[in-house]
Each structure stands twice: as structure tokens, then as C-alpha cells.
Amino acid sequence: MAPLTLQACTHIDEVIQLVTKTRQLTGHAAEVGVATGRSALPLLSLFEKVYLVDLWPHSEQDYLDCMENIAGRGDAVILRGLSWEQAEHIPDESLDYLNLDADHEYESVKKDLYAYYPKLRSGVGAVASGHDYDAGHPGVNQAVDEFVAQMQIAEFNGELGCSYSWAFTKP
Ligand SMILES: C[S@@+](CC[C@H](N)C(=O)[O-])C[C@H]1O[C@@H](n2cnc3c(N)ncnc32)[C@H](O)[C@@H]1O
């Protein structure tokens with residue numbers, strides 16, 4: 001299986017490339033933390049179906065902008081609400097790729113990891129990734145490190161590109 005050793009600055013494009021082109025997994029994906037849909041767009045063009053999860057709490061305008069940006073760009077399922085609660089709408093063992101980019105505090109990242117990990121397919125090279133694995137976000141580092149150790153995940157990379165992203169392959 002192709003390793004998670006990526007070079008470019010925009011981690012999401014390379015991770016998606018690895019999952020869809022090299023590992024040939026183009027089924028369902030999810031993004032948790034969508035905002036106006038900037039990082040959702042490449043997902044929508046490459047995966048059959050993409051769950052987009054966000055509270056969109058700050059302004060209705062973010063939600064409306066997102067809907068406008070993704071209109072006609074792919075098969076999106078909008079899940080509006082608290083991220084760890086919305087996970088129940090996604091079948092277990094169904095996702096090829098998960099991008100976690102919602103709240104960056106320790107407890108929230110931990111809840112998201114535990115809620116969404118069962119949604120990833122096992123044994124096929126499905127990948128989870130996320131932003132801000134850096135000194136400015138100690139909660140992300142701690143939650144991800146603890147989770148990777150607890151789940152005995154062998155393939156983990158916490159230094160993807162210049163945006164300090166993390167990614168792991170579900171065994
Ligand atoms: C960093 S932004 C996402 C940016 C987006 N992925 C991009 O690259 O353009 C984080 C988003 O997560 C959402 N969010 C934060 N905590 C959340 C939670 N617990 N449940 C659902 N959405 C949440 C916020 O509303 C915000 O839109």
C-alpha cells in the first residue's frame with residue numbers, strides 16, 4: 001500500500017490524490033468542519049458521495065455561501081449540527097476518507113475522532129486527516145497522539161506539508 005509520505009503544502013489535495021488515485025478509493029467521504037466549502041470542493045469532485053458536517057453557527061451567510069459554492073459540484077449530504085452528534089447519520093465502515101477540521105480543542109477533537117473512526121472502512125487503506133497539528137493547537141496534538149496510540153495505528157504522519165497536518169491509515 002502506498003505510504004503516507006507527502007510533500008506539498010496543501011495537504012488535502014495530496015491526501016485525496018493518494019486515496020483516490022493510488023489506493024483507488026473513490027466511494028464515500030466526509031468533511032467535519034466545512035465553513036464556506038473551500039476544502040469540500042476537491043472532495044466533491046473525486047468522491048461519489050460526500051457528507052458535509054458543520055454547525056454553521058457564526059453566520060447564516062457562511063452556510064448560504066457554502067451552499068452556493070457546492071451547488072452542482074457533486075453529491076453532497078448536508079449534516080448541520082454538533083459534529084459528534086451528526087456522525088450517527090453516517091453508516092459504520094462506509095468512508096474511504098475523512099477530513100477533520102472542526103473545533104480544535106482537546107475534548108472536541110477527541111470526541112470527533114471517537115465518533116468518526118468507526119465510519120472509516122477497515123483494511124482497505126482508508127485515511128483520516130486533519131489540520132493544525134502544531135504548537136499553536138496543543139489540543140489537536142494531544143488528542144490525535146493519544147488516539148493513534150490507543151487504536152494501535154501503525155501508519156501515522158503528523159508532519160504533512162507546511163500546514164502541519166496529520167493523517168493516518170485505518171488498519
Ligand atoms: C476551520 S473551519 C473549517 C474550514 C474548512 N475545512 C476549510 O478548509 O475551508 C471550522 C468549521 O468547523 C465548524 N465547527 C466547529 N466546531 C464544530 C462542532 N463541534 N460541530 C460542528 N461544526 C463545528 C465551524 O462552524 C467552522 O465552520
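Glu31 sits opposite Leu52 of strand E2. Strands E1 (residues 28-32) and E2 (residues 49-54) run parallel and are joined by 5 bridges; two strands count as paired if DSSP finds at least two bridges between them. The names come from DSSP too: helices (H or I, at least four residues) and strands (E, at least two) are its runs, numbered from the N terminus.

Before going on, note that this is a predicted model, where local features need pLDDT of at least 70 and side-chain atom pairs count only at pLDDT 80 or more, while totals for chains, interfaces and linings use all residues. Residues are numbered from 1 along each chain as its sequence is written.

**Two enclosed strands**

In E1, 5 of the 5 residues are buried, so the strand is largely enclosed by the rest of the structure. Buried here means 20 or more other C-beta atoms within 10 Å of a residue's own, exposed means 12 or fewer, and partly exposed is in between, with C-beta atoms placed from the backbone. Strand E7 (residues 165-169) has 5 of 5 buried as well, so E7 is also largely enclosed. In a regular strand the side chains alternate between the two faces of the sheet. Here is how that looks, with every listed residue buried:

| Strand | Pointing one way | Pointing the other way |
|---|---|---|
| E1 | His28, Ala30, Val32 | Ala29, Glu31 |
| E7 | Ser165, Ala167, Thr169 | Trp166, Phe168 |

E7 runs antiparallel to strand E5 (residues 127-130), with 4 bridges between them. Ala167 of E7 is the bridge partner of Ser129.

Tyr164 lies in the loop between strand E6 (156-160) and E7. Tyr164 has 18 C-beta neighbours inside 10 Å, so it counts as partly exposed.

Elsewhere, what angle do the axes of helices H5 (residues 106-116) and H6 (residues 138-150) cross at? Roughly 35 degrees, and the axes come within 8 Å. Axes are lines fitted to C-alpha atoms, for helices over the stretch in contact, and angles run from 0 to 180 degrees between N-to-C directions.
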